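Dear colleague,

I am handing over the structure we talked about, and my notes on it follow below. Please read them with the model open beside you.

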Amino acid sequence: MLHQIQEIDTRIFLTLNGLHTPWADTIMYWVTQRNTWIPLYALLIVWLIWKYNQRAAGMIGALILTIIIADQTASGLLKPFFERLRPCHVLYLQDKLHLVVEDCGGRYGFASSHAANSFGLAMALYLLVGKKYPWTTWFFFPWAVAVSYSRIYVGVHYPFDVVVGACIGAAAAWIAVKSVERILRLRKKPA
């Protein structure tokens, strides 16, 4: 069963990774870089503080907790447990894949931390402010899809790595937001 899943995942990976052009290589190279998004994160924090004043501290705390849970689940727990090689480390794929980045990353790729973190951020924003500011949902979920897809495009993750990472991120957001909301409610209750 696992062999069949790996075979299907490899076929889908090679198809998606094979859909490349020079102009898309440049775009995906930048989309996949973590540092590319630092200005976006800074703007998001400034916007939350501007809109929510003191309440922003809890929201920012929930976002940070989301990333910690998502990243540690993907990188600290699943990658060393499953030890699934990234496609760029699989010898028989070397002449078939299109590697856009100069560094393949760590040895193992299941599950994608990029997918976990980006979908975690998108889901946390949806839970925190999505009803009042729907643009956050319409912007951040497609952004998370683009970041996640870039990991396949540049040759460092299988599709299943990305899908599982996205699920981890969504679950981490739910856990983090509900936990922070509960803590804040408990702090407001009189003794």
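Is Phe140 buried or exposed? With a relative accessibility of 2%, Phe140 counts as buried, where buried means under 20% relative accessible area, exposed means over 50% and partly exposed lies in between, for a 1.4 Å probe and protein chains only.

Before going further, please keep in mind that this is a predicted model, in which local features need pLDDT of at least 70 and side-chain atom pairs count only at pLDDT 80 or more, while totals for chains, interfaces and linings use all residues. Residues are numbered from 1 along each chain as its sequence is written, and side-chain values use heavy atoms, with hydrogens and water left out.

The surroundings of Phe140

Leaving aside residues up to four places away in sequence, Phe140 touches Leu40, Leu44, Leu121, Ala122, Leu125 and Trp135, contact meaning heavy atoms within 4.5 Å. Phe140 also belongs to the largest nonpolar core, which has 44 residues, and Leu44, Leu48, Val129, Phe140 and Trp143 are the members that touch the most others; such a core is a set of buried Ala, Val, Leu, Ile, Met, Phe, Trp, Tyr and Cys residues joined through side-chain atoms within 4.5 Å. At least two residues of this core come from each of the helices H2 (22–32), H3 (38–52), H4 (56–82), H5 (113–129), H6 (134–153) and H7, helices being DSSP runs (H or I, at least four residues) numbered from the N terminus. The greatest share comes from H5, which gives seven residues. A second core, separate and made of nine residues, includes Ala74, Leu78, Phe110 and Ala111.

Aromatic pairs

The structure holds 14 aromatic pairs, counted where the ring centres of Phe, Tyr and Trp (its six-membered ring) lie within 6.5 Å, with planes under 30 degrees apart called stacked, over 60 edge-to-face and the rest tilted. One of them joins Phe81 and Phe82 edge-to-face, at 4.9 Å centre to centre and 85 degrees between the planes; Phe81 is exposed at 63% relative accessible area, whereas Phe82 is partly exposed at 45%. Phe139 and Phe140 likewise form an edge-to-face pair, with 4.9 Å between centres and 85 degrees between planes, and here Phe139 is partly exposed, with a relative accessible area of 39%. Ring pairs also link Trp37, Tyr41, Phe139, Phe140 and Trp143 into a cluster.

Helix H1 (residues 2–17) packs against helix H7 (residues 159–188) at an angle of about 100 degrees, their axes being 8 Å apart; axes are lines fitted to C-alpha atoms, for helices over the stretch in contact, and angles run from 0 to 180 degrees between N-to-C directions. In this contact, Asp9, Ile12, Phe13 and Leu16 of H1 meet Pro159, Phe160 and Asp161 of H7.

Ser148, in helix H6, is buried at 3% relative accessible area and touches Ala115, Ser118, Phe119 and Val162, again not counting residues up to four places away in sequence. Gly155 sits in the loop between H6 and H7 and is buried, with a relative accessible area of 0%. Although Gly155 and Leu99 are 56 residues apart in sequence, their C-alpha atoms are 4.8 Å apart in space.

With best wishes
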